[in-house]
Structure formats: C-alpha cells, structure tokens
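Please look over the sequence and the model shown here before reading on. The paragraphs after it go from the overall layout to single residues.

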Amino acid sequence: MGHGRSPYLASTLLPAQRSDGEAAWGVGSDGGWVFGYKLHLLVDLDTGEVLALRVTPASSHDSPVGRGMLWRVERLPGAKAY
C-alpha cells in the first residue's frame, strides 16, 4: 500500500434465506453459525475511503479475499501517487 494510506480489512456476515442457493454457512466472530454471505471491506483508516469491497458466501476465509483486494488496490491507476 502506498505512502499516506492506512488500510484496514474488515468483514461481517450478512444473513440470507435458506432457500438462497449461492449462500453458505459461516462462523461469526461470536462462534455462532450464520447462513448467508460475508461482506469484506478494505478501508483507509486515515480518510474513511472504501478502497475495495467484495461479497462472498459466508464460508469464504478472509485471508485470500483480503490479499486479492490489496493486490488490486495497489495496482489501480494513480496508486503510484501515494
């Protein structure tokens, strides 16, 4: 990440109807199971700017999704200016 940015990756589970064929079971931060999706956000803590976001099935692990988001943001046009 370029100079002047303080990236922070966060995720939260979003419940879905059990009839949703694209949703999946995932474990929340409290250890409870949730059927639905996971919202992954990459935010600049200094500015509050949302740098990237992805919605995945709730079973998706944060690490590979976060790495992919960071990789894409670092390669955006104009990122060199930071």
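**A walk through the chain**

Asp62 is partly exposed, with a relative accessible area of 27%; on this scale buried means under 20% relative accessible area, exposed means over 50%, and partly exposed lies in between (1.4 Å probe, protein chains only). The model is a predicted one, in which local features need pLDDT of at least 70 and side-chain atom pairs count only at pLDDT 80 or more, while totals for chains, interfaces and linings use all residues. Residues are numbered from 1 along each chain as its sequence is written, and side-chain values use heavy atoms, with hydrogens and water left out.

Asp62 takes part in a salt bridge with Lys38, side chain to side chain, at 3.3 Å from N to O. The term stands for a side-chain nitrogen of Lys or Arg within 4 Å of a carboxyl oxygen of Asp or Glu. Side chains of opposite charge can pair when their charged atoms come close. A search of the whole structure finds 1 salt bridge. This pair links distant parts of the chain, since Lys38 is in strand 3 (residues 33-44) and Asp62 is in helix 1 (residues 62-74), 24 residues apart. Helices (H or I, at least four residues) and strands (E, at least two) are DSSP runs, numbered from the N terminus. Lys38 counts as buried, at 10% relative accessibility.

The chain as a whole has 1 helix and 4 strands, and along the sequence they follow the pattern β-β-β-β-α. Of its 82 residues, 30% count as buried. Contact means heavy atoms within 4.5 Å. Among the contacts in the chain with a separation of 6 or more, 45% are between residues 24 or more positions apart. The accessible surface of the chain is about 5500 Å², and 55% of that surface belongs to carbon and sulfur atoms. Such areas come from the Shrake-Rupley method with a 1.4 Å probe; for residues, only the protein chains shown count as cover.

Next comes helix 1. Its 13 residues should span 18 Å at 1.5 Å a residue, and its end C-alpha atoms are 18 Å apart, which agrees. The expected span is 1.5 Å times one less than the number of residues. Which residues of helix 1 are buried? They are Val65, Gly66, Gly68, Met69 and Val73. Seen down the axis of helix 1, these buried residues fall within an arc of 160°, so they line one face of the helix. The arc is taken from the directions from the helix axis to the C-beta atoms. The buried residues of helix 1 pack against strand 1 (7-15), strand 3 and strand 4 (50-57). On the face turned away from the buried side of helix 1 are the exposed residues Arg67 and Trp71. Arg72 is also placed in helix 1, and it is partly exposed at a relative accessible area of 46%. Between Arg72 and Leu51 there are 21 residues of sequence separation and 9.7 Å in space, C-alpha to C-alpha.

Strand 4 includes Ala52, which is buried with a relative accessible area of 16%. Not counting residues up to four places away in sequence, Ala52 touches His40, Leu41, Leu42, Met69 and Val73. Ala52 and Leu70 are 18 residues apart in sequence and 8.1 Å apart in space, C-alpha to C-alpha. Leu53 is in strand 4 too, but this residue is exposed, with a relative accessible area of 51%.

Ala23 is in the loop between strand 1 and strand 2 (24-27) and is buried, with a relative accessible area of 11%. The C-alpha atoms of Ala23 and Gly36 are separated by 4.6 Å, although the two residues are 13 apart along the chain. Val34 is located in strand 3 and is partly exposed, with a relative accessible area of 23%. Beyond residues up to four places away in sequence, Val34 touches Leu13, Pro15, Ala24, Trp25, Gly26 and Ala58.
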